[in-house]
Structures are given as C-alpha cells and as structure tokens.
Amino acid sequence: MKKFIPIAEPLLNGNELKYVQDCIKTGWISSRGKYVEEFEKKFSKYCGCRSGVAVNSGTTALHLALASLGIKKGDEVIIPSFTMISTAGAVVYTGARPVLVDAESKTWNINPDKIEEKITRNTKAIVPVHIYGHPCEMDKIVDIAKDHDLYVIEDAAESHGAEYRGRKTGGLGDIGCFSFYGNKILTTGEGGMLVTNNEEVAETAKLLRDMDFDKRRPYKYIKIGFSYRMSNVQAAIGLAQLERVDKLVKIRIKNAKIYNSLLSDVKGITLPPEMDYVKNVYWMYSILIEKDFKVTRDELAKILGAKGIMTRRFFFPMHKQPIFSRMFSGRYPVSEELSKKGINLPSAATLKADDVKYVVNSVVSC
Ligand SMILES: *Cc1c(COP(=O)(O)O)cnc(C)c1O
C-alpha cells in the first residue's frame, strides 16, 4: 500500500468515546450538560485562568472576545500581517479596522518593536498570534498595551500548552482565544474557548455567546448576541483530550526534535524558531526553503505530495489578500518572505519516529 502521511490528524484514544457515549445515552447533546462547564473549568485552569467560555470555533472565540470588550466600528485593532485569516476576520465582524504589523524574522510572530508606530487615538487592542505554536514576546507587548491603555487578546489557536517564561499562553493578556478544530493540538472536532482572569468579561461573554439570554430576565434582551455555543458532545471530546494534553504536547515536541536533528545540517533549510525563554509546542513543524536548496518550495511540496506526504504552504499575508487589497498601506517584507519560503511538514500526534525519518529522507533526497 502507498504510504500516506497526513499533515495533521486527531488522536482520540483516551476517554473520548466513553464520554461521547454518555452524552448520547443521557440525551444531553446540546450546550446544556455537564461536560461544557467541566471542560471550561479545567481548560481555563490549565491555562492559568479563572474563567473559560466554550464556543463553537476559534474564530468565534476571537469575535466574542472583541465584542465582550466593547470593540466596535471606529476602533482599530493591531494584528500581525502574517497570520490566518480568522484573526483579521474577527476584527472585521465587530466593525473595527484591523491594523497590520509585520512579522519579525527571529520568531515569525508580530514584531513588538513595530507596534507602537501603528497606535493611534482609535487603537483599542493588540491581538498577538503565537504562530505555529511559538509564543510571542509577551512582556514587550503587554508593556506597550499598558502604556497606551489597550487590551491584549492572545490568538492562542495554535499554541495549547506553549509557555512564555514559564507561563502558559492564553493567560498572558486580558483574554486568550483557542481553537479546537480537528487539526489543532487539542481538538473537539470543531470548537473554541476564550479564557480570562476577568470574571466580568467572562460573564458578558457567556451572555453574548447565547444571544444575550439571561436567566434573570428570560426572553428580555438588552443586546443582540450570537449563537456561538459549544455542544456537550464537543466538550466531552475536549475533556478527554485535556486529560492527555501533556502527552499530546510531548509527542509534538519529540517529533520536532527528531526533525531538527536530522535537518539541521541540510543546506538551504532554515529550522523553526525556538527562543530560549519559550516552550514551543510545534503545532506545525515548519521550515523555510532558502534559495540555495536543491529545489524551490513549491517543487518540494509536489515531490513530497507524490510520495504520500501531505504538506501546507505558509499563510498568505493579510495585506496581500484579495479581500483586503485596498485596506492596507505600508510594507510587510518579513511576512512576504515567510509566505514565499515556508512549508509545514506533517506534525500530527499520530506521527511515529519512522514517519518523521521517511519525511526527512524524502526532503533530503529530492
Ligand atoms: C485555527 C486558527 C484560528 C481559527 O480557528 P477555527 O476553529 O478554525 O475558527 C484562528 N487563528 C489562528 C491563528 C488559527 O490557526
């Protein structure tokens, strides 16, 4: 049989089935049901936060976070140009304007030294994204936010379990937003969560998540909310995943170390960043294909694809998106360079050391 190595794939060999069966047997399959609250409690605690608000995706977690902080039309929100579209989309949903900051070469994350020049009277928040599982330089970002009275909302969709100076991502700003999409480090199939230490914000988010439905004033509304609830079935899967999260993270790091050691001497390949003050969780194992590599990045993707190895090119930067073509001025050279050179190799928790070696051999021999 031809080998097939997916770029990502969930590992569901814990209590997932048992808890899902419990939902079905008891009939609790909507967002009411014990698993949602338990998952919120335990996942937020895992991130070092007091409250969690489970939702139906990472994108809706970001939107709900911004909405709960009152961000609206006329406001500006600073985001990296090198990110997934959801970060920008969530800002656009609120009516606010995304303002871009270029990536920095050493971490691929938002360049903290380029944030201040983008702050105006209308700026309300900064949304740093921990790209591919490597935490941003959060001390600098939080300091800037304090100086200018801005909120910090972490887009931690790719960084479950990652640490910045010994503290978990998601708990480093005002709100942290996670995705539990099928290819993320911890998954519920579809889903997301916002975590925070601000209980007032968590309360607002819980109301807005459920069309502003408040038991204290049933069927009377003071706001138009959203229908962003997570189901008990999703939370059941999430809870089972959370029981094994340390293992899920460990496998990714272990595989990344194997990749690193086998690829470190290969000419024309730049390895993923890992600053000495972070724990990178390698949501994706990502490399840059430089000019002096044997083939181009796109040729490499083709060659690997023919061998049954799935890859993904890096994100396409926000300022180059057709939908935003008139929105952004300025130059974002690092984002463009990453987008041109970067490729994600398989990094699923189901990946064995032999699979990693097969991928590396295929890269080296191409
Ligand atoms: C996956 C991801 C999201 C969105 O998550 P969904 O659950 O797919 O909505 C947001 N931001 C980043 C950086 C992501 O990687």
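Predicted model: local features only at pLDDT ≥ 70, side-chain atom pairs only at ≥ 80, totals over all residues.
Let me begin with helices α1 and α7, which are roughly antiparallel to each other (a word used here for angles over 145 degrees). The axes of α1, residues 16–26, and α7, residues 232–243, come within 8 Å and cross at roughly 155°, where axes are lines fitted to C-alpha atoms over the stretch in contact and angles run from 0 to 180 degrees between N-to-C directions. Helices here are DSSP runs of H or I with at least four residues, numbered from the N terminus.

Residues are numbered from 1 along each chain as its sequence is written, and side-chain values use heavy atoms, with hydrogens and water left out.

The next pair is α3, residues 58–68, and α4, residues 85–94, whose axes come within 9 Å and cross at roughly 40°.

Turning to the ligand, which residues come nearest? Among the 13 residues around the ligand (each with a heavy atom within 4 Å), they are G58, T59, E158, S179 and K184. For polar contacts, meaning pairs of N or O atoms within 3.5 Å, a ligand oxygen lies 2.5 Å from a side-chain N or O atom of T59, another such distance is 2.7 Å for S179, and for K184 the distance is 3.1 Å.

Notes:
Polar contact = N/O pair within 3.5 Å; in protein donor to acceptor, adjacent residues only side chain to side chain. Helix = DSSP H or I, 4+ residues; strand = E, 2+ residues; numbered from the N terminus. Parallel < 35°, antiparallel > 145°, perpendicular 65-115°, else oblique.
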